[in-house]
Every structure is written in structure tokens, then in C-alpha cells.
Amino acid sequence: MADESQKWVLMVTAQTPTNIAVIKYWGKRDETLILPVNDSISVTLDPEHLCTTTTVAVSPSFDKDRMWLNGKEISLSGGRFQSCLREIRCRAGDVEDEKKGIKIAKKDWEKLHVHIASYNNFPTAAGLASSAAGLACLVFSLAKLMNVKEDHGKLSAIARQGSGSACRSLYGGFVKWIMGKDEKGSDSIAVQLADEKHWDDLVIVIAVVSSRQKETSSTTGMRETVETSMLLQHRAKEVVPKRILQMEEAIRNRDFASFAHLTCADSNQFHAVCLDTCPPIFYMNDTSHRIISIVEKWNRSEGTPQVAYTFDAGPNAVMIARNRKVAGVLLQKLLFYFPPQPDTDLNSYVIGDKSILKDAG
Ligand code: ADP
Ligand code: DP6
Ligand code: CO
């Protein structure tokens, strides 16, 4: 007969949005601890549209840690997952669920195993920061399950060890990842610069150019850049520190012109650094380039920027419109240049707090 004490399962579900960097992180000074070569700043997206949902479960009947991503089992043996699990487990507290009659003492967590099921409601590994939402959600849900009493700063440092960009997804609004000085990484954490209400005129439009998995993962790409690009040194030491200060000021003052100039310039320099890598990495494609030209031309014709664009490590365009009216015009322009048809590669748009055209093709 089954042992009654083995029957219980305790579960926690959490949802975490993705974030898109406006000043990019690209390059590590420590691969294991994931310490970056420069500070970065991002905007956290609306959780309703681009987010990860993760359920973590614990039961005495589980004989090992297991994880499913988008319904398919994946290995947890990688160093990053192990770092996150270890860092959360060693901070676990006592847990009690009176209704279910479950009591887990702090010391029990060493012997208990977890099952993790995670879903991304947007393309995985396609340059829309799935690793950011995914690893932040993993750390957050495990911390809730195990009653970890750490603040968001400490949790961000743990999420950072899963994927660098993940540390920024623990906060909403505008977020800065401070590179830190400590070689153990204790001061390499994310901080919120401004909450989601600070600049709520902005509307984010994402054009899904391709939902295919990219050929070069961010981790591999940036490793190759660090090893071979001279331009990266210049970017990390000379360019980004100044841009970070300017971007913080632009966000503080809701100065869209400066914000847009900095965002577009930083995206373009990040992709220039990818081209300066040996062998060169091409994350953008012809459709991405066309989108840049359309936005640049429009901004020039208006005399002041209406829309900022930024591309992560993939071809998909993230555009930030100065307000809802502009976002409407942007969408019209995109639909004019890229009418949704099954044979075009641009057939899905997500806008701000509302899905305008999802998988219209
Ligand atoms: P992206 O541009 O989507 O962030 P990356 O190359 O940085 O692409 O990372 C993709 C990897 O992140 C995936 O192959 C997977 O290992 C991990 N990942 C993505 N989503 C999740 C998730 N929800 N939970 C755990 N890991 C995830
Ligand atoms: C272009 O955080 O995905 O999106 O730390 O190796 O997991 P790892 O890389 P990841 O890199 C993100 C790179 C970027 C820019 C950014 O998000 O700042
Ligand atoms: Co990523």
C-alpha cells in the first residue's frame, strides 16, 4: 500500500514578463557568475502579452528534479539551472500548509525534489528575451515555494546566474542592471529606475519578423564577441557608461527625443559589435533592416522622433511609440509595408496593452 505521507504535492504558479534592453548587455567578464562588461537598462513589458508562466511543485514522491519547457522535458543538468536551484534551496525556510496538513522544515528542502513546468506565450530563443522572463520566473516561483525571505535585489542576483537579462525582469517599469565591482557578484544586481506608471504614454509595438529559434544563442554569441571584437572594448568602456547616464536622465525627464536617439543608437551599435565578431553574427535580416529604414525616414520627416526601435539578439523589432496615437499610425505603416499574408515573414504584431493582430497570417 502507498505510504500516505508520500501523497501530498505543494505547488506555486508565477508569471513574469519579459524585458527589452534599451541599453544592451552584451559580453561577460565572468561566464559562471554571469557578470557583465557594462551596465544595461531595460523596459519591462506588459505581463499580459509576453510572459512566462511557471508552476513549481514539490512532493516527497518526486525522486529527482525535473523540468518541462513548453510541454517538452528539458535537462536541468546545466550549470545555470543548478546555480539557481542551489542558491534558492540554501535559503529555503519553513513551510506550512495547514489546510493540506503539510509541514516542511528548513532542513527538509535538501532532500526534497521539485518538478517545474514552464510556458512562454511568445517565441522561445528568437530574440524576444525568453531567457529573461523564463529564468526570472523560475527563481521567483521557487523562492515563493520554498519561502525564501530575500528582497528583489538579492533574487535578481540569483536570476542573473540563470541568464543575465533575467535579473531585470523582477521589476516593472524601467530597470537598470548595475554591473558591479565585486568579483563574487554580490553587487551585480538590478534596480528599478522608474515604475510602470512613470511614463505610461509610451506604447510598445512588437513586430514578429520570425519566430524561428536563432542560430547563435545569446550566450554563445556574446562569448565569441568578447573573444574577438575590439569594438566591444570601446563600447563597454567609452560608449555605454556615458549612454547610461544620458538614458537615466531621459527617462527621468520623459524626454522622448533623447530616449529614442539613445535606444536606436545602442541597438545599432550592439548589432555592429555582432558584425565585428569573428565569424560575424547576423541577428537582423532584410525585414529588420527595412523596418529600421521606415522608422528612420518617418522620424526625420517629422523633425523629431516619433518611434524608437530596438532589436535584441534576433530579427524581431521592438518599437516604442511616444504615445498611443503614434502607435496607431505606426501600425498602419507596418500593415502597409508588410500586409499580413501567409507568405510574408512579418505576420504578427503585439501592441502595448492590447493584441492588435496576433498571428494574422
Ligand atoms: P532569447 O533571445 O529568447 O532570450 P536566449 O538564447 O538568450 O534566447 O535563451 C534561450 C534559452 O533560454 C532557451 O533555449 C532555454 O534554455 C532558456 N529558456 C527560455 N525560456 C525559458 C523558460 N520559460 N524557463 C526556463 N528556461 C527558459
Ligand atoms: C541582446 O541574458 O540572453 O538581449 O546571460 O548568456 O543568458 P545570457 O544572455 P542573455 O543576453 C541578452 C542579450 C540581449 C541584450 C539585453 O537583454 O540586454
Ligand atoms: Co536571452
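Which residues in the largest nonpolar core touch the most other members?

## The core

They are I88, A136, V139 and M319, out of 98 residues in that core. A nonpolar core here is a set of buried Ala, Val, Leu, Ile, Met, Phe, Trp, Tyr and Cys residues joined through C-beta atoms within 7 Å. Helix α2 gives the largest share, 11 residues. In soluble globular proteins, nonpolar side chains tend to be buried together.

Take A136 on its own: skipping neighbours within four places in sequence, A136 is in contact with T16, A159, A166, S169 and L170. Contact is counted when the C-beta atoms of two residues, placed from the backbone, lie within 7 Å.

## Ground rules

This is a predicted model, where local features need pLDDT of at least 70, side-chain atom pairs count only at pLDDT 80 or more, and totals for chains, interfaces and linings use all residues. Residues are numbered from 1 along each chain as its sequence is written, while chains are lettered from A and ligands numbered from 1 in the order in which they are written.

## The chain overall

The chain has eight helices and 18 strands; these are DSSP runs numbered from the N terminus, with helices being H or I of at least four residues and strands E of at least two. Its radius of gyration, taken over C-alpha atoms, is 21 Å, close to the 21 Å from the globule rule (2.2 Å times the number of residues to the power 0.38) for 361 residues, so the chain is as compact as a globular protein of that length. Along the principal axes, the C-alpha trace spans about 75 × 45 × 40 Å.

Buried residues account for 45% of the 361. For burial, count other C-beta atoms (placed from the backbone) within 10 Å of a residue's own: 20 or more is buried, 12 or fewer is exposed, and in between is partly exposed. Of the contacts between residues at least 6 apart in sequence, 70% join residues at least 24 apart.

## Around ligand 2

Ligand 2 has 16 residues around it, and A21, Y25, S163, G164 and S165 come nearest. Being near means that the C-beta atom, placed from the backbone, lies within 6 Å of the molecule.

S131 sits in helix α2 and counts as buried, with 24 C-beta neighbours inside 10 Å. Not counting residues up to four places away in sequence, S131 touches S163, S165, A166 and S218. K184 is 53 residues from S131 in sequence and 22 Å away in space, C-alpha to C-alpha.

## A covered strand

Strand β14 (residues 203-207) has five of its five residues buried. V203, V205 and A207 cover one side, with I204 and I206 on the other. β14 pairs with β16 (residues 317-321) in the antiparallel sense over five bridges; pairing takes at least two DSSP bridges. A207 stands opposite A317 in β16.

Most residues other than glycine have a negative phi, and most peptide bonds are trans. N70, in the loop between β7 (66-69) and β8 (72-74), has a positive phi of about 50°. N147, in the loop between α2 and α3 (152-160), has a positive phi of about 55°. N70 is partly exposed, with 14 other C-beta atoms within 10 Å, and N147 is partly exposed with 16.

The peptide bond from C278 to P279 is cis, with omega near -5°. P279 belongs to the loop between α6 (256-275) and α7 (286-302).
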